[in-house]
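Here is a friendly walk through one model, written to be read with the structure open beside you.

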Amino acid sequence: MLRCVRLLPAAVVTRTFSRCCSSSYVARMRFMNKLKEDEGACLAALDSGDVFLYHTLAPLLRKTQQGGVQLPLLPAKDVEGILNRLGRDGRSMVKESVLITCTEQNHALFCLDVGELDQGAVEEACEGNFVDLRKAFFILRGEEAPLVARGQALLRWHQGNGFCSASGQPTTRNQAGSQRVCHSNGLVYYPKMSPVIITLVSDGKRCLLARQASFPRGMYSALAGFCDMGETMEETLRREVAEEVGLEVGAVRYSGSQHWPFPQSSFMVACHATVAPSNAQLDVDHAELEDARWFTLEEIRAALKARTPPRNPPDQPPTIWVPPAYAVAHRLIREWAEDQERHGDGKR
Ligand SMILES: NC(=O)C1=CN([C@@H]2O[C@H](COP(=O)(O)OP(=O)(O)OC[C@H]3O[C@@H](n4cnc5c(N)ncnc54)[C@H](OP(=O)(O)O)[C@@H]3O)[C@@H](O)[C@H]2O)C=CC1
Ligand SMILES: [Mg+2]
């Protein structure tokens, strides 16, 4: 949990993403592209830009006066000053920031991991707390969750790709942090994502949710699996459903996609799939899944309404709940429930 924090000192100005974001998409994308290609322009954008912080990949969050939680965006110059006061070379450290996004007014947003510093000292100086990213997904709203997801994924990628896998020599990053190069052989490395297909299977009246033993107590989600090399999206979907619950799916419908920072950055492609009611007998692979079962619309409505994560005493049966609103699994489950309410038997 976040501790209470004092009000910010007047010198530390912060912004929130929603306040500094506006809408000209083309101008924004072209400016971002320039920052990835032009080292000088990127450094200038950093000097006038904002930074949000991580400590060992946990984002810094701050309580708002209204009782909510926000991602504080600190002017890069202020971060430099804070790091200097904590005994580091603030300028050099801030230059390690990674570009995340920018506004139409060419105001750039970067992130930085200060994991080499004492966590408590940074928290005190920045008036916030570093929070595990999975917990942050439960408390951040709107545009902030994808920002912290992207930031963590990029920082993790840089931390794990300091050396060329062909030559063993160190790699160097560009100023934006959008690539790393091995100067001994010219190999260029780009941030990597693994494709994952996530599927909500329905038999027309019920939908299928499953849980792995590692999930938090009571949480169920849609079936997911990594793509094997050479597979199409449909092939992965059919294989994963067959492997995990022993079903052969019929029609498949694409729903949407999302970047997911776990375990090492996944590109989630979300689909709905159907099975005939006569073909809905489950044969669960318990090496992969602790449980998988069909849920009625009533059960899904209750799971969508459950406080997340629920606070059940351990001696009571767990409340069933689903991943937080930001997760694409939540979107699939909500879409299914809405579809049932419109077209199925699920009268309110
Ligand atoms: N955003 C969302 O709404 C949701 C996201 N997810 C994400 O989807 C991901 C995939 O789901 P999951 O059911 O675990 O996948 P799988 O069913 O494919 O099982 C995971 C296993 O696949 C193997 N594997 C194959 N390729 C990879 C790879 N590129 N990276 C890691 N492991 C690989 C590993 O086995 P081994 O260790 O034996 O090598 C791993 O333990 C999860 O990591 C989870 O973060 C899941 C549900 C909801
Ligand atoms: Mg799986």
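Around ligand 1 there are 19 residues, and Q212, A224, F226, E244 and A329 come nearest; a residue counts as near if one of its heavy atoms lies within 4 Å of the molecule. This is a predicted model, in which local features need pLDDT of at least 70 and side-chain atom pairs count only at pLDDT 80 or more, while totals for chains, interfaces and linings use all residues. Residues are numbered from 1 along each chain as its sequence is written, chains are lettered from A and ligands numbered from 1 in the order in which they are written, and side-chain values use heavy atoms, with hydrogens and water left out.

The shell around ligand 1 divides into 11 nonpolar, 5 polar and 3 charged residues. Here Ala, Val, Leu, Ile, Met, Phe, Trp, Tyr, Cys and Pro count as nonpolar, Asp, Glu, Lys and Arg as charged, and the others, Gly among them, as polar. At least two shell residues come from each of β11 (194-202), β13 (223-226), α9 (233-245), β14 (252-260) and α11 (328-343). These elements are DSSP runs numbered from the N terminus, with helices (H or I) of at least four residues and strands (E) of at least two.

| Side chain | Ligand 1 atom | Distance |
|---|---|---|
| S194 | nitrogen | 3.3 Å |
| E244 | oxygen | 2.7 Å |
| W260 | oxygen | 3.1 Å |

On its own, ligand 1 has 910 Å² of accessible area, and the protein covers 59% of it. Such areas come from the Shrake-Rupley method with a 1.4 Å probe; for residues, only the protein chains shown count as cover.

Which protein atoms are donors to the magnesium ion, ligand 2? They are A224 (O) and E244 (OE), at 2.1 to 2.2 Å. This pair links distant parts of the chain, with A224 in strand β13 and E244 in helix α9, 20 residues apart. Donors are N, O and S atoms within 2.8 Å of the metal (3.2 Å for Na, K and Ca), and water is not among the atoms, so sites may look incomplete. E244 is buried at 3% relative accessibility, whereas A224 is partly exposed at 29%. Buried means under 20% relative accessible area, exposed over 50%, and partly exposed in between (1.4 Å probe, protein chains only).

Now to helix α8. In α8, 12 of the 17 residues are buried, so the helix is largely enclosed by the rest of the structure. One of the buried residues is Q152, with a relative accessible area of 5%. A polar atom of the Q152 side chain lies 3.1 Å from the backbone oxygen of L57.

L57 sits in the loop between β1 (50-55) and β2 (58-63) and is buried, at 12% relative accessibility. Its phi is near 75 degrees, a positive value in a residue other than glycine. N106 also has a positive phi, near 60 degrees. N106 lies in the loop between β5 (98-102) and β6 (108-113) and is partly exposed at 39%.

P263 is in the loop between β14 and β15 (266-274).

Key
Polar contact = N/O pair within 3.5 Å; in protein donor to acceptor, adjacent residues only side chain to side chain.
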